Amino acid sequence: MAADPTQLQRLALLLGPDPFHFENLVNHLMSSSNDQRSAAESLFNICKQAHPESLLLRLAQLVSSSAHTEVRAMSAILLRKHLTRLASNDDSFLYPKLSESTRSAIKNILLSSLQRETTKSIIKKINDTVSELAASILPDGGWPELLPFMFQCVTAQNHNLQESALLIFARLAQFIGETLIPHLSTLHELFLNCLSNSTSAEVRIAALNAAISFIICLSNNNDREKFQDLLPLMVRTLTEALNSKQEATAQEALELLIELAGSEPRFLRKQIVEVVGSMLQIAEAESLEEGTRHLAVEFVITLAEARERAPGMMRKFPQFVHSLFMVLMKMLLDIEDDPVWHSAESEDEDAGETSNYGFGQECLDRLSISLGGNTMVPVASEIFQGFLAAPEWEKHHAALIALAQIAEGSSKVMLKNLEQYNQRVLPALAGAMDDFQNPRVQTGKRMVQEGALTALASVADSSQDQFQKYYDAVMPYLKAILVNANDKSNRMLRAKAMECISLVGMAVGRDKFRDDARQSKQSCQSSPMLNLCPDLLIRAVLLLIRSIGMGQALQMPWAGFSSIYECCHAPLLQSAQLKPDVTITSADSDVDIDDDDSIETITLGDKRIGIKTSVLEEKATACNMLCCYADELKEGFFPWIDQVATTLVPLLKFYFHEEVRKAAVSAMPELLRSAKLAIEKGQSHGRNESYLKQLSDYIIPALMEALHKELEVEICASMLDSLTECVQVSGPILDENQVRSIVDEVKQVITASTARKQERAERAKAEDFDAEEGELLKEENEQEEEIFDQVGELLGMLIKTFGASFLPFFDELSSYITPMWGKDKTAEERRIAICIFDDVVEQCQEAALKYYDTYVPFLLEACNDENPDVRQAAVYGVGVCAEFGGSVFKPLVREALSKLNVIISDPSAHLSDNAMAYDNAVSALGKICQFHRDRIDSAQVVPAWLSCLPIKSDLIEAKLVHDQLCSMVERSDRELLGLNNQYLPKVVHVFSEVICAGKDLATEQTTSRMINLLRQLQQKLPPAALASTWSSLEPQKQLALQSILSS
C-alpha cells in the first residue's frame, strides 16, 4: 500500500540524521494508547518495506547507544525478530535482503553492544540475537570473526562478557553443535577453566549450561567422553551454590543436570554413585527449600525413567532406591488435618495436602513404573511394615497412599506376593476403616480411612479377578461405611467408599458382586449424603453401573434411575468442555508458576508451559462418563449425540491429558452405534441413513488424523480398535477416499511400530541391561504387538466389509504384510499376517486365487510352527483355501494332508495349548474330504477324519464340522459309513456326544437333524452293535440320550 505524503515526510525524519525521531517511534510502539501504538506500527511496517537496511541499522544503533533501558530492550527484541530466521516469519525475516556492508555493520554493533551493556535483561536479549543469527550464518562462513571474539570473551576478566560468551556457546550447541566439533578441545579447556577457577556463580552456571549443551548435542560417544572430567566440577557448581546459601543458583544448576540426566544418562554412568549420592543428600536436607529438594529428587527419578538410553542402570544400585523411597515416604507425612474441613459446605478432596505430599505421590508412581515391581516391592514391603506399626496416624496414611501409588507399576509382582500382602496389608486396610462410628474422630483418622480406601481400590484394580479370595474379608467393612458413616463430616469418606466398592466389584465380576451391589445402591438411595458430594458419588454410581451392567442396574429398586443421565448431561458436558488452564511464560521468566502446587510445568524450547491438573482430571472424568453412558444407553443416547460428538471429537488430539484422549477415542464407535441403532429402531426423531453418513464423515477422518499424530503406543492401539468398530458400524457408507486414507494410515502405523521395535532391540545391547529391564522391554513389545493385532483386526474388517473391491488396497499393503511372515518376526506378527490372508481367501474367494502361489507356501510351512496360535491360524487358512481354492488348490492337497497329519497325530495334540490348532486341522481335513475327494484316498482319509470327531475346543469350527458330518450321513456317504456300515457305531457315538453337549457343539437345527438320524439308525443297526455303542457312553449321557430319543 502506497504511503501518503505525510507518512513520507515522517519517514524522512525517522531515517534522517537526528536519532530522536526513530527513538520516539520505538517508544510509541510500547505505548499504552492503542491509537498511538497503531500509528507507530503502521509507520514501522512502511519503513520495513521501503528501507529495510536503514531500519535494522537504526535498531542496532539504538541497542548500542540509547540512554533509555526500555528502548534498548525493545530495539533488541525488534532486531532479533527481523534479523534471525528462528524468531521471525517469512515477511519479517530481512537479513537476506541486506547488503554485505549493512550485515557487517550490524554484526559489529552487536558484538560491541555485548561488551558495553551492563543490564542483565538486555544482555540476554543481545545474546539471543547473536546466537540465532550465528546459527543461520556461521555454518556457511558468514561470521568468521564471531568465534575468536567469543574465545576472547571467555578468557577476559569481565564476568558479564564471560557469561555472555558461554551462554551463546550453549545456544549454538543446541542449534549447530556439530559445526563446532573442530573446536572441541578448546571449548573443553574453556569450560574446565571456568568451572574450576571462576569466582562468579553466574559464570560457573553459564559454563555448566554450555558444557551440558555440548555433551547433549554430540552424537559421537568418544567426543562426549572427552568431557567426563568436567562432571565432578559440574556437581561442585551445585554444592558450592548450596554452601553459599544461593539456592536460586543451585536450582538453576539442578535443572541443567536434570536435562543431562534425561538426555544423556550414560554420561553419568562412571560417576553415578557420587552424583546420585549427592542428590539424595540434598533431597534429605530438610533445611533446604522445598523447590531445591524436589529438583534433587527429580534428577534421580529422571535417571530411573531414562530407560531408552540407559536401561537398567538405576536398578544396579538398590541402596539408592531405598533411600529415595524413604525420602518420598517422609514427604507423604507432610499433611495436615483440620476438623473444620469435614463440616465445610464445599468439598475439597485435596484439603490438607501440601506440595511435598503431592510431589511425593507423583514420584512414587513414576518410580514404580520406571523401575518395576521386582525392585520396588521388596523395598516398599520393608518400609511399609515400619510405618504401619508406628503409632502416628500420618505414617499409617503415608503407607496406604504409597501402596496405592506403586500399584500400577508393581502390580504383577504384587500379585505374585498377594498372599503376603493379604497377611500384612489388608488387615491394616481393614483396621484403618474400622473406627468411623466414633463421633469424636481423632485428628487424622478420617484421612487414614480415606487413604485406606484409595489403596484398597488401587490394589483391587491391579489384582482384578485374583482379588476374589479377599472379597469376603473387605466388603463388609466397605458396606459398613455406607451404612454407619452418616454425619456430614463423613461425606467424602462415603463417596470414596462407594467408588472403592465399585472398583472392587469390577475386579471380581458381576456374579460375585451382584447382591452387594444391590445393597450398596439401596444405602446410597436412602442416604441424605447424595446431594452433598455429587461429583464423586455420580462417578461412583457410574462405576457401579459398569460393574454390574446396565440391565441389572435398571432392575435395581432405586428411584429415577432412567433419568440419571438426563440430570447429569449438562454438568458432564460442561466439565468435558473445560478449557485447559494453561500459563505460558518464557523459560527464563521471573514469574515462578512452579510455586502453585496444582500446576504441572513442562519446558519446551524457550517456553515454560504450566497446566492446572485439577481441571484436566475433572475433564477426563467427565469424558469417561460420557463415553460410558453412550455405551450403556445405546439408542437411548441418540438425543445427545450431536452435542457430545462436537465436544469429544476435537479431544482426540487433546495432548494435555492422556485420559481425555482415551475417553474420546473410546466414545467414537459408541456414538456411531447409538445413531445406527436409533435409526434402525425408529427412535432417531425422523433422521435417516444420511445422518449416519454425516456423523461417520465427521468422526472417522478426525480419528485417522489423531492416529497419525499420536505418540503413545497404547493410545495408538485404542485408536485402531476404535477405527475398526467405526468401520464395522459405518460399513459400506465409507467412500473410496476414506478407505484410501485408512490404508495409508495403516502403512504409517506399521512403519512406525517396526522402527520402535528396532530401537528396543538396540537398547537390549546396552551395558546395564538386566532381567528386569528385559521384562519391561517385553511389556513394551507386547504393547507393540497389540498395535499389530489391531492392524489385523482393522484390515480384516475392511476385507469383510468391501470384499474383492478391497484387493487393490491389499496389493499396496502386501509389501508391509509379507515381511511379517518371516521367521525373525514374533509369533504374534506371523499369526496376524496369516489371519489377514485367511480373511482375503474367505471373503474374496475366486478373486483371491491369484495370491495362492505367493502365500499358500508360507501357510503350509506355518502349519508346523512351534507356536500353537500360529498353527491354528495356518491350518484354518488351509481349510478356507481347500473350500474356495478349486482347481488352484488341488496340486497342493497332498502336501496339505501331510501337514495336517503331523498336527492331528501329535501325542500332545489334545493338550489345552494345542487343542484349538487340532480342531482347526480336523476342520481343514474335513474340507479337503468335501471339496477335493478326487485327490485323496477317500477310503482311508474320510474314516480317519471321522475318528477325530467330535471336536470340542473351537466351538465355531465344531458347529461347522458336526453339521458337515450330519449332511454326509443324510446322503449315506459311502466312505464315511464304510463297508457294511462298519463305521456307523462311531457316527452314533459322535452324534451322542454332540447331542449331550447341548448347544455348545452344534446348532439347534443340526442337533435336531442328528436326533432324527439317530432314531432312523436305531432301526438299521443290529441290537448288539447298538448296545455296544451305548455302553461306550458315560452312564449319565446314556440316560440323557435315551430320554431325548424316546421323547
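These notebook entries record what I looked up in this predicted model.

I number residues from 1 along each chain as its sequence is written, and I leave hydrogens and water out of side-chain values, which use heavy atoms. Because the model is predicted, local features need pLDDT of at least 70 and side-chain atom pairs count only at pLDDT 80 or more, while totals for chains, interfaces and linings use all residues.

**Helix pair.** I looked up helix H2 (residues 20-29) and helix H5 (residues 69-83), whose axes come within 10 Å and cross at roughly 85 degrees. Helices here are DSSP runs of H or I with at least four residues, numbered from the N terminus, and axes are lines fitted to C-alpha atoms over the stretch in contact, with angles from 0 to 180 degrees between N-to-C directions. Glu23, Val26, Asn27 and Leu29 of H2 meet Val71, Met74, Ser75 and Leu78 of H5, where contact means heavy atoms within 4.5 Å.

**Loops.** I found a cis peptide bond between Leu949 and Pro950, with omega about 0 degrees, and I placed Pro950 in the loop between helix H43 (938-947) and helix H44 (955-970).

Lys634 counts as partly exposed at 34% relative accessibility, the class between buried (under 20% relative accessible area) and exposed (over 50%), with a 1.4 Å probe and protein chains only.

Asn981, also a residue other than glycine, has a positive phi near 60 degrees, and I located Asn981 in the loop between helix H45 (974-977) and helix H46 (984-996).

Key:
Helix = DSSP H or I, 4+ residues; strand = E, 2+ residues; numbered from the N terminus.
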